[in-house]
Amino acid sequence: EQPSMERNHYPLTMLGVALALSAAVSAAEPDWPCWRGPNRDGRSPDTGLVKQWPEDGPPLVWNAEGIGRGFATVSIGWGTIYTTGDVDGKLRIFALGLDGKPKWQVDHDNAWATPTPGSRATPTLHAGRLYLLSAHGLLGCRSATDGRLLWSRRMSEFGGKTPQWGYTESVLIHDGKAIVTPGGKQCIVALDPDTGETVWTSRGLDVPAEYGSCIAIERKPFTLLAGVTSGGLVAVRADNGQSVWPANITGGGSQDTSTPVFANNHLFWSGGFGKGATCIRIGDNGSPTVAWKTGKDSSWQLGDFVIDDGHVYGHLDRNWVCLDLETGVERWRDRGIGRGPITWADGMLYQFSKRRGEAALATCTQEGFQLRGRFRVDGRGSSWAHPVVSGGRLYLRY
């Protein structure tokens, strides 16, 4: 059945919402192939977007019901929207058209029951295929056309042990390899994306996996892969998996959920509750130097930060803040709409509160914080899924 198209009246279920952001939606096909966007940095390539929302928010395009319970956001490619949700005890992959109508769905693994039930990872799209790691550690490669399974591996094959809240990592495709973090002595592994065969396993690390996702850092003479473990942030060479620096450079603990971001030779990452954040200057040969840290009592969560014009924007200690990337100097702080994930697009910040389903548009400048519109979607529980801005639309999953 077609859902009600009355603005701001959505079903009390987990749902995906697409809202027009520009006067004329871009004719270009949306392309958001993986977690945190094309460059895995929370930045959208969209331009020409509005700088002020109407009083009751941008106009609703459609909403989709029945995608299950979960925290995964969407990936977009080949005219299709992909996400995951838990339904009837199974982790299910959903494929929707750009009109929000179902295309296909397929069960991938058993659902995660406790603690905190719901789907975790966001699907990764590459070369007509979809890659997904389940909370129980099942990595699968599927046809993006119909969800047919092409190959699978389990993290236990590499000695990995399921973290307390389940595996949540979104697979990274880099330089012809599928990168994922089982944890343990083979902490990070690279697999052939076509066959699933092992290309290399990391050397020099022995730490459990946590909840962030890997990113690639192009830094001559070789590329680094930065990943998240219970010991803190680690880095290995992308060509052979050799460890470049130890986990204890940042320190870690429980609930390290954030995916690091890199710009201007600086790598920024936050630990779990009460662990603070660390900014690392990456030198020649990948050598790390701690540029600055926030206090250990500070709390960054949900991977909710982006870098723009030499500054870090995110949520720290119940406030949105702007910090100088090189020095850590605070430029401003504001309560905004409360803690939650964030995405950057066309010089603006798109925020989604972790509670109440409230979305906001704000300026992105070191001069100060200004809200340029806010509205709410209906739902229950925590809205942890990151907002996606692609093809002139904002996708929210609550």
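Which ring does the charged end of Arg-237 sit over? Select Arg-237 and Phe-222 together: the charged end of Arg-237 is over the ring of Phe-222, 4.4 Å from the ring's centre. Keep in mind as you click around that this is a predicted model.

**Zoom out**

Now show the whole chain as a cartoon. You'll find 35 strands and zero helices. The protein has 398 residues, and 61% of them count as buried. Its accessible surface comes to about 15,300 Å², with 46% of that belonging to carbon and sulfur atoms. If you look at contacts with a separation of 6 or more, 55% of them are between residues 24 or more positions apart.

**Another charge over a ring**

Next, select Arg-43 and Trp-344. Here the charged end of Arg-43 sits over the ring of Trp-344, 3.7 Å from the ring's centre.

**Rings meeting rings**

Time to colour the aromatics. A pair of aromatic rings is described by two things, the distance of the centres and the angle of the planes. The count here is 13 aromatic pairs. Start with Trp-78 and Tyr-82: their ring centres are 6.5 Å apart and their planes are at 75°, so this pair is edge-to-face. How do the two partners differ in cover? Trp-78 is partly exposed, at 44% relative accessibility, whereas Tyr-82 is buried, with a relative accessible area of 1%.

Then jump to Phe-352 and Tyr-398. With centres 6.3 Å apart and planes at 90°, this pair is edge-to-face too. Phe-352 belongs to strand E31 (residues 348-352), while Tyr-398 is in the segment after strand E35 (393-397), so the pair ties together parts that are 46 residues apart in sequence. Both Phe-352 and Tyr-398 are buried.

While the aromatics are still coloured, pick out Trp-53, Tyr-350 and Phe-375, which form one aromatic cluster.

**Last stop: Trp-320**

Is Trp-320 buried or exposed? Trp-320 counts as buried because its relative accessibility is 1%, and the cut-off for buried is under 20%. You'll find Trp-320 in strand E28, which covers residues 319-324. Show the side chain and look for Gly-338: the backbone oxygen of Gly-338 lies 3.3 Å from a polar atom of the Trp-320 side chain. Asp-304 and Trp-320 are 16 residues apart along the chain, and their C-alpha atoms are separated by 9.8 Å.

Note on methods:
Residues numbered from 1 in each chain as written. Predicted model: local features only at pLDDT ≥ 70, side-chain atom pairs only at ≥ 80, totals over all residues. Heavy atoms only, no water. Helix = DSSP H or I, 4+ residues; strand = E, 2+ residues; numbered from the N terminus. Buried < 20%, exposed > 50% of the residue type's maximum accessible area, 1.4 Å probe, protein only. Polar contact = N/O pair within 3.5 Å; in protein donor to acceptor, adjacent residues only side chain to side chain. Phe/Tyr/Trp six-rings, centres within 6.5 Å; stacked < 30°, edge-to-face > 60°. Lys NZ or Arg CZ within 6 Å of the ring centre and 35° of its normal. Contact = heavy atoms within 4.5 Å. Areas by Shrake-Rupley, 256 points an atom, 1.4 Å probe, with all protein chains shown as cover.
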